[in-house]
Amino acid sequence: LGFDQERLAYTSLRGLSYTQIQDLREQVAGLTGVSMTSACTNLPGKNFNQNPVRWAEVGEDQLVDVSEFVVDYDFFETLGLELMAGREFDETFADAQNQTFVINEALARYYDWEDPVGQTLVWYDDNALLQGTIVGEVGAFQYRSLHEQIQPAIFVLDPCAYSYMLVRLEANAPRVLEAQIGDLWKKAQPDYDYQLHYTSEEFARLYQSEEQLGGLFLTFTLL
């Protein structure tokens, strides 16, 4: 898949402010058996917003649709993604105040960039036309269907609100750790039910669903 899905868990974030999310991340990261946390709006194996982008030096005839990841700091390290060029989002570079992007290898190939760092990208967001600088490139990883070619993607830092908290567990993490994470989660979100999921299970369900759909298609074709 191109990222380390083993021991990578996630849970929902409902209506928490950015400060509350950071507090929860810090508390969970302090538990024995947790090696890293982050937050995001989109998860591998789930649905993604699609909007076009273009290199600032070309016209709109060279627009390309990309999948959009809205992520927090430490996202790439938490997923175990390989950095091909540049850097991750970093608070010391004021990435939250400046429009910056990290892109995947597929987008770099589309524009034939050997090193995309420093290039200017125009993003046709749902609500605005945004222009920013590419600061990093991550290697190819499968974030949608296992039967699809990896599509271009961009990663955007947006410290407002996120939908999921990611938790990277250590190899010897005890099962009781799930309950400890839940206790902290419930203090932050007492009105909701706590559930901890694993990305490996998400991709297993996706693969099973696609296999079943493929079997149905084959059956109707034979009929």
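**Exercise 1. Find which residues are linked with Arg-25 in a network of salt bridges, then describe the pair Arg-25 and Asp-74.**

Solution. 
- Step 1: The network links Arg-25, Asp-72 and Asp-74. Keep in mind that you're looking at a predicted model.
- Step 2: Now zoom in on one pair. Arg-25 and Asp-74 form a salt bridge, and their closest N and O atoms are 2.7 Å apart. The cut-off is 4 Å, so this pair counts.
- Step 3: Arg-25 sits in helix α1 (residues 18–29), while Asp-74 is in the loop between β4 and α2 (75–79). They're 49 residues apart, so the pair ties together distant parts of the chain.
- Step 4: Check how covered each one is. Arg-25 has a relative accessible area of 6%, and because buried means under 20%, Arg-25 is buried. Asp-74, at 29%, counts as partly exposed.

Why can such a pair form at all? Side chains of opposite charge can pair when their charged atoms come close.

**Exercise 2. Count the salt bridges in the structure, then look at Arg-109 with Glu-105 and at Glu-178 with Arg-175.**

Solution. 
- Step 1: The count for the structure is six salt bridges.
- Step 2: Take Arg-109 and Glu-105. Their closest N and O atoms are 3.8 Å apart, which is within the 4 Å cut-off.
- Step 3: Where are they? Both belong to helix α3 (residues 105–110). Because they're four residues apart there, about one helical turn separates them. Glu-105 is partly exposed, with 22% relative accessibility.
- Step 4: Turn to Glu-178 and Arg-175. Their side chains meet in a salt bridge at 3.3 Å, N to O. Glu-178 is partly exposed at 21%, whereas Arg-175 is exposed at 64%.

**Exercise 3. Describe the largest pocket: its space, its lining and the residues nearest its centre.**

Solution. 
- Step 1: Start with the space, which is about 220 Å³.
- Step 2: Next, the lining. It's made of 15 residues, and those nearest the centre are Val-70, Trp-123, Asp-125, Val-156 and Asp-158.
- Step 3: Which elements give two or more residues to this lining? They are β4 (64–71) and β9 (153–157).
- Step 4: Sort the lining by class. You get six nonpolar, five polar and four charged residues.

**Exercise 4. Decide whether Asn-104 is buried or exposed, and find what Asn-104 touches.**

Solution. 
- Step 1: Locate the residue. Asn-104 lies in strand β6 (residues 100–104).
- Step 2: Read off its relative accessible area, which is 1%. Since buried means under 20%, Asn-104 is buried.
- Step 3: List the neighbours, leaving out residues up to four places away in sequence. Asn-104 touches Glu-137, Val-138, Tyr-143, Ile-150, Gln-151, Pro-152, Ala-153 and Phe-155.

**Exercise 5. Look at the phi angles of Ala-94 and Asp-112, and say where each residue lies.**

Solution. 
- Step 1: Ala-94 has phi near 55 degrees, a positive value in a residue other than glycine. Its place is in the loop between β5 (83–86) and β6, and at 26% Ala-94 is partly exposed.
- Step 2: Asp-112 isn't a glycine either, but its phi is positive at about 60 degrees. Asp-112 lies in the loop between α3 and β7 (120–124), and with 68% relative accessible area Asp-112 is exposed.

**Exercise 6. Step back and summarise the protein as a whole.**

Solution. 
- Step 1: There are five helices and eleven strands.
- Step 2: Of the 223 residues, 47% count as buried.
- Step 3: Among contacts between residues at least 6 apart in sequence, 75% join residues at least 24 apart.
- Step 4: The accessible surface is about 11,500 Å², and 46% of that belongs to carbon and sulfur atoms.

Notes
Residues are numbered from 1 along each chain as its sequence is written. This is a predicted model: local features need pLDDT of at least 70, side-chain atom pairs count only at pLDDT 80 or more; totals for chains, interfaces and linings use all residues. Side-chain values use heavy atoms; hydrogens and water are left out. On a 1 Å grid over the protein atoms alone, a cavity is a set of points where a 1.4 Å probe fits but cannot get out, and a pocket is an open set with protein on both sides within 12 Å along at least five of seven lines; lining residues have an atom within 4 Å of a point. Grid points are joined across faces, edges and corners, and a volume is the space filled by probe spheres set on the points. Ala, Val, Leu, Ile, Met, Phe, Trp, Tyr, Cys and Pro count as nonpolar, Asp, Glu, Lys and Arg as charged, and the others, Gly among them, as polar. Buried means under 20% relative accessible area, exposed over 50%, partly exposed in between (1.4 Å probe, protein chains only). Contact means heavy atoms within 4.5 Å. Accessible areas come from the Shrake-Rupley method with a 1.4 Å probe; for residues, only the protein chains shown count as cover.
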